[in-house]
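Hi there,

Here is the structure we talked about, ready for you to open. Have a look at it first, and then read on for what turned up.

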Amino acid sequence: MTTVSGSTPVAVPGRRGGPDVMTLRQDRWWVQPLVIFSVLFAFVVYVTWAAFQNKNYYVGAAMHRDLLSPLYSPCIANSCVPGASHHVQLSWWNFSPALLILFIPGGFRLTCYYYRRSYYRAFWWSPPACGVADHHSKYTGETRFPLILQNSHRYFFYLAFLVNIVLTYDAILAFSMPGAGGIGVSVGTIVLVVNAVLLWTYTLSCHACRHLCGGSVRSFSKHPIRQRLWKFLTPLNAKHMQIAWVSLIFVAITDVYVRLVASGAITDYKLF
Ligand code: FES
């Protein structure tokens, strides 16, 4: 209980390091962190499983397709199956190709400003929600190890940008149907194209991207191109949270789809 001279005593809803009262909120504030925890946990478990499979990540000419899972792209390991390789092969890497490259999208998402907010709340309860007490005794921010590494986000942005170019190339290749007319559109083509578009949208809506285009500018009138870019990116940036979730889930859907086709569990229907 806190009192200020001449005013009504008020109950402070908890304090850092062992709240007396966790929160005065009466609503279901715990729903959002619970959902975020569940989805992120399920995604990490699935991607880890898929990355260690080292099979069924590519649908090749034997099935008249050219579909590569985004979890294994760019495929630059010595162990890449024929047809999946992106022309650069690291001869010293014989494990799953996904384990070689997943640090890029993983690091990009892990250091993302939005995901940071989400998993700090859902996993560390720091704090779990607005108006709910923090469950840690100290707060050191992101100024020391390990959280100071979050400042690497802009570098992951550059790497993710390059990966997106490769995924766009994969999406274009998904139109090829070797031995079945040469070119066409299948469900897999659409899945890979949508995945690439969503990942571009996620990357371009990044705060680091917006800052790169419009930040540190004293006068937009002297930088009309940067102003146009900034104006284009700002509404996307406002939707970054929604885009982050949709693109995350669709990456998993894309991998599941390619995996099911590659394993023969389903057929990739040609639409035209
Ligand atoms: S802030 Fe989310 S990807 Fe950069």
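A cavity here means a set of grid points where a 1.4 Å probe fits but cannot get out, and its volume is the space filled by probe spheres set on those points. Please keep in mind that this is a predicted model.

With that in hand, the search of the whole structure gave one cavity of 30 Å³ or more. The volume of the largest cavity comes to about 50 Å³. Its lining is made up of Leu 68, Pro 70, Leu 167, Asp 170, Leu 192, Asn 195, Ala 196 and Thr 254. By type, that lining splits into five nonpolar residues, two polar and one charged. Which helices supply at least two lining residues each? They are α5 (153-173) and α6 (187-204), and α6 gives the most, with three residues.

The other spot to look at is His 64. You will find His 64 in the loop between β1 (58-59) and β2 (67-68). Is His 64 buried, partly exposed or exposed? Its relative accessibility is 34%, so His 64 counts as partly exposed, since that class lies between 20% and 50%.

Leaving aside residues up to four places away in sequence, His 64 touches Ser 176, Met 177, Pro 178, Gly 179 and Ala 180. Within that stretch, the backbone oxygen of Pro 178 lies 2.9 Å from the side chain of His 64. As for Ala 180, its C-alpha is 6.0 Å from that of His 64, although 116 residues separate the two in sequence.

Best wishes

Notes
Residues numbered from 1 in each chain as written. Predicted model: local features only at pLDDT ≥ 70, side-chain atom pairs only at ≥ 80, totals over all residues. Heavy atoms only, no water. Helix = DSSP H or I, 4+ residues; strand = E, 2+ residues; numbered from the N terminus. Buried < 20%, exposed > 50% of the residue type's maximum accessible area, 1.4 Å probe, protein only. Contact = heavy atoms within 4.5 Å. Polar contact = N/O pair within 3.5 Å; in protein donor to acceptor, adjacent residues only side chain to side chain. 1 Å grid on protein atoms, 1.4 Å probe; cavity = no way out; pocket = protein on both sides within 12 Å on 5 of 7 lines; lining within 4 Å. Nonpolar A, V, L, I, M, F, W, Y, C, P; charged D, E, K, R; others polar.
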